[in-house]
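The sequence and the structure come before the details.

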Amino acid sequence: MITDIFDEPLSMDLERVLLRPITADDADDLYEIFSDKQVMKYYDRLPLKSREEADELAKMFIDCLADRKMVRWGIEEKSSGKLIGTCGFFCISETNKKAEVGYELRRDRWGMGIMSEAVEAIMKYIFTKTDINRVEAFVEIPNVASMKLLDKLGFVNEGTLRQYERCRGELIDVTIWSCLRNDGVY
Ligand SMILES: CC(C)(COP(=O)(O)OP(=O)(O)OC[C@H]1O[C@@H](n2cnc3c(N)ncnc32)[C@H](O)[C@@H]1OP(=O)(O)O)[C@@H](O)C(=O)NCCC(=O)NCCS
């Protein structure tokens with residue numbers, strides 16, 4: 001079962017960051033990340049407006065992990081001890097052996113290769129610790145940074161889903177990316 005991983009410790013010690021479960025104490029750092037309009041520009045949710053919303057977001061991450069619905073790691077910067085982003089996988093399908101990845105990083109840490117380090121680690125985790133066969137990602141077309149990240153990590157662009165979802169009041173096109181177990185990247 002894919003969900004067997006929820007019985008094991010999830011933390012990973014990488015070169016510059018620790019990936020570890022999110023706690024209620026992370027709400028201040030989550031607020032800084034998720035209230036930034038630039039970070040949230042291509043998200044289907046609005047930037048956080050209050051610290052209370054950050055408490056709710058932390059609780060949602062904690063509850064989804066407890067309910068075995070989603071693995072969302074906090075990305076803790078080793079040098080500062082600060083939570084600088086999150087990444088993980090969700091929409092886990094036991095039948096279809098697939099899951100979707102998602103990630104975001106605080107703006108002043110962009111372009112330093114940090115998310116490459118984190119998502120490479122979670123891809124290795126997925127393909128060694130679970131029997132997931134297909135990892136998907138959905139990206140809005142103007143989100144070049146996210147598409148470059150996926151391309152660099154061996155994902156294949158499968159095309160554009162036209163007017164796929166309502167986002168910020170309008171129906172938008174979304175690109176779909178995947179990495180399969182037998183692509184042999186991980
Ligand atoms: C997408 C995001 C997580 C990338 O994180 P990051 O740590 O800056 O990415 P990396 O530094 O590991 O870069 C990965 C690759 O993308 C490229 N890249 C990163 N930002 C870029 C940008 N703005 N424009 C063009 N290329 C970019 C890098 O050059 C790198 O490729 P290279 O190693 O071949 O040079 C970050 O921009 C972010 O948090 N964006 C807002 C949230 C978001 O959009 N999440 C995804 C929703 S689908």
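A polar contact is a pair of N or O atoms within 3.5 Å; within protein, one of the two must be able to donate a hydrogen and the other to accept it. The model discussed here is predicted.

**Glu104**

By that definition, the side chains of Glu104 and Arg72 form a polar contact, at 2.9 Å. Glu104 belongs to strand 5, which spans residues 98–105. With a relative accessible area of 4%, Glu104 counts as buried, because the cut-off for buried is under 20%. Leaving out residues up to four places away in sequence, Glu104 touches Ile33, Phe34, Val39, Tyr43, Arg72, Ile84, Gly85, Thr86 and Met115.

**Helix 1 and helix 2**

Helix 1 covers residues 27–34 and helix 2 covers residues 51–66; their axes come within 8 Å and cross at roughly 105 degrees. Helix 1 is therefore roughly perpendicular to helix 2, since angles of 65 to 115 degrees are classed that way.

**Thr130**

Thr130 sits in the loop between helix 3 (114–129) and strand 6 (134–140). Is Thr130 buried or exposed? Its relative accessible area is 8%, so Thr130 is buried. A polar atom of the Thr130 side chain lies 2.6 Å from the backbone oxygen of Ile126. The Thr130 side chain also reaches the backbone nitrogen of Ile132, at 3.0 Å. Apart from neighbours within four places in sequence, Thr130 is in contact with Ile2, Ile5, Tyr125 and Arg181.

**The ligand**

How many residues surround the ligand? There are 20, and the closest are Tyr103, Gly111, Gly113, Ser116 and Asn143.

| Residue | Part of residue | Distance to a ligand oxygen atom |
|---|---|---|
| Gly113 | backbone N or O atom | 2.7 Å |
| Asn143 | side-chain N or O atom | 2.8 Å |
| Lys152 | side-chain N or O atom | 2.9 Å |

Terms used. Residues are numbered from 1 along each chain as its sequence is written. This is a predicted model: local features need pLDDT of at least 70, side-chain atom pairs count only at pLDDT 80 or more; totals for chains, interfaces and linings use all residues. Side-chain values use heavy atoms; hydrogens and water are left out. Axes are lines fitted to C-alpha atoms, for helices over the stretch in contact, and angles run from 0 to 180 degrees between N-to-C directions. Helices (H or I, at least four residues) and strands (E, at least two) are DSSP runs, numbered from the N terminus. Angles under 35 degrees count as roughly parallel, over 145 as roughly antiparallel, 65 to 115 as roughly perpendicular and the rest as oblique. Buried means under 20% relative accessible area, exposed over 50%, partly exposed in between (1.4 Å probe, protein chains only). Contact means heavy atoms within 4.5 Å. A residue is near a molecule or strand if one of its heavy atoms lies within 4 Å of it.
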